[in-house]
Structures are given as structure tokens and as C-alpha cells.
Amino acid sequence: MSNVQSIERAFTILKVLSNNPDGLRITVLAENSSLTKSTTHRITSTLVNLGYVQQDPETEKYMLGNQLIKLTSVMLNNMDVIKVAEPYLVNLSRDVNETVHLCVENNGEVLYVDKKEKNQNIRMYSTIGSRAPLYCTAVGKVLLSGMNPIYFEEVINNMTFELRTALTITSQEKLRKEIEKVKVQGYALDNVENEEGIRCIASPIYDYKGNIIASFSISGPTNRVSLDRVNTELVKKVNMTSKLISEQFGYIKKESI
């Protein structure tokens, strides 16, 4: 498949600007991009309107914009979470002999960014890069519990509740009560709410400010991930793993007096 020329030229301009952090005037930018001045100006103006390029009004130089930096920051933050969490999630998966997921919130949904799967007969349908609802997943409930109130209201008011199993939460009222429960106990359960026969327990990953930046879960069939096992074993293990990973981001849990 051939490249779209205008997109290719836009990325050429962005690449040139990335190599010149002090900025370039339009003539020099055009020369370094091997484009005509008029083409460079047209594409650069569009990138300015979108926030991916900015222009210094005094020097008239163009440089990378905040929108591009913002997108890069999101990517790097997620990559950092994956990298930092990986050895702990590998150990957790080996220890409990179940599948472990790492997730972040993205556009009001759960986004799976990593998965450690054991050699069990029953496999999870989830894949890295796939999405799931917040309201019926353990990882989603944890992510909801960490949202600031304004964003929480925005997300929950835009939800379309779908009955995925007989136990799926399908109302705002019940979900709000569930999230308050998650905040108190520090972990969340998907008690066969998203996928038939599958139970999950999830815990948060905090940054140094105490913000929840990701969540991870242990998932498995109900005959292995029983409620008794959750209460006697898995709660302790997800809490400890949460503590160990969060400490790597500078989080120190305040002890209650």
C-alpha cells in the first residue's frame, strides 16, 4: 500500500523539527524537509492549528507543539508502567498459576497493555491492545475508584450498561455503591460480571502523588479463583504486589492512626 503523501510530508516536517529544538523559520524548514515553501507553509499551518507545532511570534520560528509532547508523555508513561510492573506481574502469575493483566484507562474504557498467561486449559479472551468496559471488570472498577470526581461523573454519565452475564452491574446507582466499596477495601472483584465462568481480583498501581495510574488483576475460572481463595490468599497477594510496584513510582502508603 502506498503512503499518503500529505501525511508523509507532515511527519517529515515533525521529524525535522524534532532535530531542531530551538526551532526553524519556514524557509529553512522547507529546505531541510526537501519541500517547497508553499507546501511546507500549508502543512505547518495545519499542524499549528492542531497543536502539534507552535510558532514563536517574535522569532517566527516553528517548533514542536504541546499536543505532540502530550501524546508522547502518555505513551512513555504507559511504557514505564509496563516496564516497571513486568517482573512483579511475572512473579505474581507464577506464584498463583493464573493469568495476570495490566490495564490503564483510555477514553472511558479499560485498555489491556500487558498480559502474563500461565499454561492452563482455560484461556482468557483478552489480548494486549484490546478494550473492555470499566463497569464490569475488576481492573475497571479500580480505575474508576481513582478518578477525580469531575472526570468520574463524565465517564459514568456516558456509560452504556450492557448485560454481559447474569451478574453484570447495569445501573449507575449500583456501580457507585460498588466503587465506594472498592475505595474502602483497596481492591476490586469481577465476580463473573464480564465473562461467564471467570472471576477476577484487581488492585491499583499508584504514582508518587497517590494517583492510580494503572491496575492489574488475577483472572481465572471460578473453580480455581474461588471466593474462598480470593479471601484467604489472593487479596494478600495483590495488595503486596500493588505495594511493591507502587513503591517503584515513589508511592508511600500513609498508615492509619
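Let's start at the hairpin made by β3 and β4, which has two residues between its strands; one of the turn residues, Asn107, has a positive phi of about 55°. Strands here are DSSP E runs of at least two residues, helices are H or I runs of at least four, and both are numbered from the N terminus. This is a predicted model, where local features need pLDDT of at least 70, side-chain atom pairs count only at pLDDT 80 or more, and totals for chains, interfaces and linings use all residues. Residues are numbered from 1 along each chain as its sequence is written, and side-chain values use heavy atoms, with hydrogens and water left out.

With β8 (residues 212–221), β3 pairs in the antiparallel sense over five bridges. Val100, in turn, faces Ile218 in β8.

Zoom out and you get an open, antiparallel sheet of six strands, ordered β5-β4-β3-β8-β7-β6. At its edges sit β5 (131–132) and β6 (188–191), each pairing on one side only.

What lies across β6, β7 and β8, running at about 25° to β7? That's helix α8 (residues 227–248); angles run from 0 to 180 degrees between N-to-C directions, with axes fitted to C-alpha atoms, for helices over the stretch in contact (heavy atoms within 4.5 Å). Helix α5 (residues 138–145) lies across β3, β4, β6, β7 and β8, at about 160° to β8. As for β3, six of its eight residues are buried (under 20% relative accessible area, 1.4 Å probe, protein chains only; exposed is over 50%, partly exposed in between).

How values were computed. Two strands pair if DSSP finds at least two bridges between them.
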